[in-house]
Amino acid sequence: MACVAPGYHLAAVTVQGCPAGLTAVIDGANVNLAWDNKGVTVESFKIERDGVVLQAAYPGANTTYTDVNVSPGVHEYVVTPTIAGQTCPALNTFVDLCP
């Protein structure tokens with residue numbers, strides 16, 4: 001977060017063509033994530049589960065990620081793309097793994 005003087009506003013940066021459509025499919029104890037890169041060149045993705053970083057710089061050409069041996073319960077996944085040095089809005093989804 002940048003420091004902003006009183007009376008000034010920090011401009012929001014909008015990155016055109018950000019990935020979208022995050023989905024999660026449960027396969028036993030694994031969670032298969034998938035998203036659409038929308039034809040843009042993505043540098044990398046940060047992938048998190050429940051606020052813990054699983055991949056800090058997952059290669060941008062990928063459109064899937066498998067989280068293996070996930071414990072039962074409700075989990076939130078957040079995938080944050082980076083394009084041309086700018087961070088896109090994070091994609092998120094929830095899953096509920098049965099014991």
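Start by selecting Cys-88, which is buried at a relative accessible area of 3% (buried means under 20%, exposed over 50%, partly exposed in between, with a 1.4 Å probe and protein chains only). This is a predicted model, in which local features need pLDDT of at least 70 and side-chain atom pairs count only at pLDDT 80 or more, while totals for chains, interfaces and linings use all residues. Residues are numbered from 1 along each chain as its sequence is written, and side-chain values use heavy atoms, without hydrogens and water.

Cys-18 and Cys-88 form a disulfide with sulfur atoms 2.2 Å apart (the rule is a pair of cysteine sulfur atoms within 2.5 Å). Cys-18 is in the segment before β1 (20–27) and Cys-88 in the loop between β7 (86–87) and β8, so the bond ties together parts 70 residues apart in sequence. Strands here are DSSP runs of E, at least two residues long, numbered from the N terminus. The S-S torsion is about -80°, so this disulfide is left-handed. The count by this rule is one disulfide.

For contrast, select Cys-98: its relative accessibility is 67%, so Cys-98 counts as exposed.

Now show the largest nonpolar core, which has 18 residues (buried Ala, Val, Leu, Ile, Met, Phe, Trp, Tyr and Cys joined through side-chain atoms within 4.5 Å). Strands β2 (30–36), β3 (44–49), β6 (73–83) and β8 (91–97) each give two or more residues to this core.

Finish on Val-31, one of the residues with the most contacts inside the core. Leaving out residues up to four places away in sequence, Val-31 touches residues including Ala-24, Tyr-65, Val-70 and Val-95 (contact means heavy atoms within 4.5 Å).

Key
Helix = DSSP H or I, 4+ residues; strand = E, 2+ residues; numbered from the N terminus.
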